[in-house]
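Biologist: I would like to learn how to read a structure like this one, feature by feature. Where do we begin?

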Amino acid sequence: MKIAVLANLKKDVPFVKEHPPEDDYWDDLDEPITVRFVVHALRKHGHQAKYIAPNLNVIRRLLNYKPDLCFNLCEGHFGVSREAQIPAVLDMLRLPYIGAGVLGMSLSHNKYMAKKIFHWVGLPTSDFILVTKPDEMPSIDLEYPLFVKPAHEGTSIGINENALVQDKQNLLKQVQWVWSKVKAPILIENYIEGREFTISILGNEVLPIIEIVSPTGYYSNSQKEDENSEVYRVCPAQISKEKKQELQIVALEAMEVLELYDLCRMDLRMDIQGGVYILEVNPLPLLLPDPEQASFVYSSYTAGYSYDAMLYRIVEVAAERLGLKM
Ligand SMILES: Nc1ncnc2c1ncn2[C@@H]1O[C@H](COP(=O)(O)OP(=O)(O)OP(=O)(O)O)[C@@H](O)[C@H]1O
Ligand SMILES: [Mg+2]
């Protein structure tokens with residue numbers, strides 16, 4: 001097959017005053033090594049593969065290349081539609097692509113909407129409210145401790161060491177800080193004290209579950225960006241067969257209700273009584289070829305896939321779903 005690989009690289013960020021290239025606003029974007037590994041693996045497997053930069057010329061370049069399939073890794077740059085922009089373009093060009101479409105990308109990107117859907121279908125998630133203007137705080141009918149985070153970000157952007165709040169005064173302070181950082185709606189939710197898990201799904205296979213152990217009680221942005229942070233991961237997570245099964249079922253259902261396909265990674269927590277809660281779902285898991293940083297890759301390795309085999313499998317499940325001949 002002829003496969004176009006699309007990804008927004010950190011080195012190509014557009015210059016904007018509010019977010020200089022080194023700003024953590026861009027932490028979600030990809031490294032060139034990921035694209036090199038993906039293109040190389042696909043070629044090794046007998047496909048034609050080429051990286052196409054998702055810039056303003058993307059439509060013309062895709063029309064010229066005429067791919068049979070697109071490997072979409074694009075996080076986008078601007079706007080709440082940013083993860084859905086390339087899927088929308090590919091739909092318009094009638095080009096099939098790996099992973100979630102416009103709706104799945106948008107619902108997962110908006111943690112508030114994703115949580116509303118989880119509530120609606122009876123999937124477990126902590127109680128929450130949305131603040132759209134920090135100076136007009138709604139009345140809060142939630143018990144402390146609470147957790148404050150942007151409603152639309154990844155890589156723990158806008159989650160610092162004060163995200164966990166014990167009282168109203170600190171809550172108001174933290175809401176102001178998050179707003180100053182992201183100028184976008186803020187989610188306030190019950191803090192789930194307990195163990196944290198990240199679950200990757202490839203096709204309909206739930207890969208070995210990772211437990212994330214953080215001495216501070218949660219996983220902040222500075223910890224994600226610090227290679228020497230004390231956070232560590234255990235895979236497969238040491239949990240009972242029953243809990244594992246429960247987590248797997250919840251994860252597969254969450255993937256289905258958000259209309260995600262082929263691959264995704266989601267974060268869950270288990271409270272002290274063993275209750276399971278979905279924190280959020282990522283339709284674009286990091287595929288950096290470093291299992292220390294990329295949980296999806298770590299879980300794939302633990303399941304017995306090499307990096308290349310993991311990629312072939314992603315292409316295979318997408319091709320099957322889309323009815324494409326390999
Ligand atoms: N309700 C909560 N209770 C306890 N901890 C939480 C809660 N919400 C978030 N956290 C902590 O904050 C971290 C980041 O939150 P979340 O996963 O929602 O953000 P993210 O920026 O989208 O992350 P990712 O890098 O996975 O895209 C979680 O991994 C968890 O440690
Ligand atoms: Mg997360």
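Modeller: With the end of a helix. This is a predicted model, and just after helix 10, Gly 323 takes a positive phi of about 70 degrees.

Biologist: Where do Arg 94 and Glu 259 lie?

Modeller: Arg 94 is in the loop between helix 3 (85-92) and helix 4 (102-109). Glu 259 is in the loop between helix 8 and strand 12 (263-271).

Biologist: Is Arg 94 buried or exposed?

Modeller: Count the C-beta neighbours. Arg 94 has 6, so Arg 94 is exposed. Glu 259 has 17 and therefore counts as partly exposed.

Biologist: And the peptide bonds?

Modeller: Most peptide bonds are trans. One cis bond here joins Tyr 144 and Pro 145, with omega about 0 degrees. Another cis bond joins Cys 235 and Pro 236, with omega about -5 degrees. Pro 145 lies in the loop between strand 4 (128-131) and strand 5 (146-150), while Pro 236 is in the loop between strand 11 (232-234) and helix 8 (241-257).

Biologist: How do I find the buried face of a helix?

Modeller: An α-helix has 3.6 residues a turn, so residues three or four places apart point the same way. In helix 10, the buried residues include Met 310, Leu 311, Ile 314, Val 315 and Ala 318. They cover an arc of only 135 degrees around the axis, which puts them on the same side of helix 10. Among the elements that cover them are helix 1, strand 3, strand 8 (194-202), strand 12 and helix 9 (295-302).

Biologist: Which residues of helix 1 are buried?

Modeller: Thr 34, Val 35, Val 38, Val 39, Ala 41 and Leu 42. Seen down the axis of helix 1, the buried residues fall within an arc of 165 degrees, so they line one face. On the other side of helix 1, Ile 33 and Lys 44 are exposed. The cover over the buried residues of helix 1 includes strand 1 (2-6), strand 2 (48-52), strand 3 (69-72) and helix 10 (307-322).

Biologist: What about helix 5 (residues 111-121)?

Modeller: Its buried residues are Lys 111, Ala 114, Lys 115 and Phe 118. They fall within an arc of 95 degrees, so they line one face of helix 5. Their cover includes helix 4, strand 4, strand 7 (186-190), helix 8 and strand 13 (276-282).

Biologist: Which residues touch the most other members of the largest nonpolar core?

Modeller: Val 5, Ala 254 and Leu 268, in a core of 87 residues. Leaving aside neighbours within four places in sequence, the contacts of Val 5 include Val 35, Val 38 and Val 39. Val 35, Val 38 and Val 39 are also among the buried residues of helix 1.

Biologist: How is the protein divided into domains?

Modeller: Into domain 1 (2-99), domain 2 (127-190) and domain 3 (194-304). The centres of domain 1 and domain 3, taken over C-alpha atoms, are 24 Å apart. Their contact takes twelve residues from domain 1 and ten residues from domain 3. On the side of domain 1 that touches domain 3 there are five nonpolar, two polar and five charged residues.

Technical notes. Residues are numbered from 1 along each chain as its sequence is written. Chains are lettered from A and ligands numbered from 1 in the order in which they are written. This is a predicted model: local features need pLDDT of at least 70, side-chain atom pairs count only at pLDDT 80 or more; totals for chains, interfaces and linings use all residues. Helices (H or I, at least four residues) and strands (E, at least two) are DSSP runs, numbered from the N terminus. A residue is buried if 20 or more other C-beta atoms lie within 10 Å of its own, exposed if 12 or fewer, and partly exposed in between; C-beta atoms are placed from the backbone. A nonpolar core is a set of buried Ala, Val, Leu, Ile, Met, Phe, Trp, Tyr and Cys residues joined through C-beta atoms within 7 Å. Two residues are in contact if their C-beta atoms, placed from the backbone, lie within 7 Å. Domain bounds come from an automatic or database domain assignment. Ala, Val, Leu, Ile, Met, Phe, Trp, Tyr, Cys and Pro count as nonpolar, Asp, Glu, Lys and Arg as charged, and the others, Gly among them, as polar. The arc is that of the directions from the helix axis to the C-beta atoms.
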